[in-house]
Amino acid sequence: MGTVFTIGEALIDFVPAEIGVELKKVCTFRKAAGGAPANVASAVARLGGSSAFIGKLGEDGFGDYLVETMASVGVRTDCITRTGEANTALAFVSLKEDGSREFSFYRNPSADMLLAPDEIAESWFQAGDILHYGSVDLIEAPVKYAHIKAIKAMQAAGGLISFDPNVRLPLWSNPQDCRQAILEFLPQSHILKISEDELEFITGISDEAQALASLFVGKVAHILYTRGANGAVWYTKQDAVEAEGYRVQAIDTTGAGDSFIGAVLYQLAREGAEPGRMSPEQRKRALTFANVTAALVTTRYGAIPALPTFEEVQDVCAALEA
Ligand code: ATP
């Protein structure tokens, strides 16, 4: 089984005690481990896969908490570095009635942004491994260049690259810088996860089919297009397979997209990280598994504490097939 490495931010989400209240009116927040790459690594490990998180944390209690939380679900933490030069990143979140979120980030700069290229070791990566990243740490900082080094090293090792842009505009001085960074990194990725909400912003194209077609650039060969409660579609240049969403009563969508891609990457790493060899039926089964994983996450609060085990997901998948 290959290892899924994720690189980028691990941060503390301050989740509101009051639901359906805008951020300015929330009085009480509870800390929760977060950051998309940390969530994805945790999803893979919780399902029973091998994963490692690459990133930098502050030498503070929040950094300790993140390391302990990731380790508690089985994520390898030996690629994490710590610094006294900046604090661990914080994000304050408000939750609307429908489970969607509003963010306010504290990163000026935060420790994750200081991860430097010379802290990435080429020897970490092997054929059959996967490197996954998002756009939050593609901001102009040392960590952007750490991503470039990791991507090149994983490609040289013969592994796969997976990218979930996960647009978070409040972190950028203007939307165009975010879009530009995404478009700069996109062609280096074999697998792209993109949600309905992000498609037009990233491509600048309103027609869905044309927008998706425009994303097959450079090495991109697989696009996982997520559609919230409606499930997801797996596009290749030749075909598209779709799996409908698993119907649940969602209470908090935090970590839905991360657990979805984590579940896809878990299955790919288990099978040798060769998505090009998967039949349409195998891709559909993989999508259903990922939809169920993510749907279960939306029925519980938080991202990492909400992650299901392989057996929980498998039981639902078996019931759906029966
Ligand atoms: P996030 O909200 O975590 O940023 P995203 O925007 O990256 O997620 P979505 O398309 O919203 O991506 O959701 C990802 C996947 O999570 C969906 O494809 C689906 O499998 C599952 N999912 C999301 N919302 C729901 C829901 N309300 N009910 C069931 N499944 C859901």
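**Cavity and ligand pocket**

Strand E2 (11-16) and strand E6 (90-95) each contribute at least two residues to the lining of the largest cavity; strands are DSSP runs of E with at least two residues, helices are runs of H or I with at least four, and both are numbered from the N terminus. The model is predicted, so that local features need pLDDT of at least 70 and side-chain atom pairs pLDDT 80 or more, while totals for chains, interfaces and linings use all residues. Residues are numbered from 1 along each chain as its sequence is written, and side-chain values use heavy atoms, without hydrogens and water.

On a 1 Å grid over the protein atoms alone, a cavity is a set of points where a 1.4 Å probe fits but cannot get out, a pocket is an open set with protein on both sides within 12 Å along at least five of seven lines, and lining residues have an atom within 4 Å of a point. The largest cavity is lined by Asp13, Val15, Val93, Leu95, Asp252 and Thr254.

The space taken by the ligand is the largest pocket. Strand E10 (191-195), helix H7 (256-270) and helix H8 (280-298) each give two or more residues to the shell around the ligand, and H8 provides the largest share, four residues. In total, 21 residues surround the ligand, each with a heavy atom within 4 Å of it. Among the polar contacts (pairs of N or O atoms within 3.5 Å), an oxygen atom of the ligand lies 2.7 Å from a side-chain N or O atom of Lys193. A polar backbone atom of Gly228 is 2.8 Å from an oxygen atom of the ligand.

Notes: A polar contact is a pair of N or O atoms within 3.5 Å; within protein, one must be able to donate a hydrogen and the other to accept it, and residues adjacent in sequence count only if both atoms are side-chain atoms. A molecule sits in a cavity or pocket if more than half of its atoms lie within 2 Å of its grid points.
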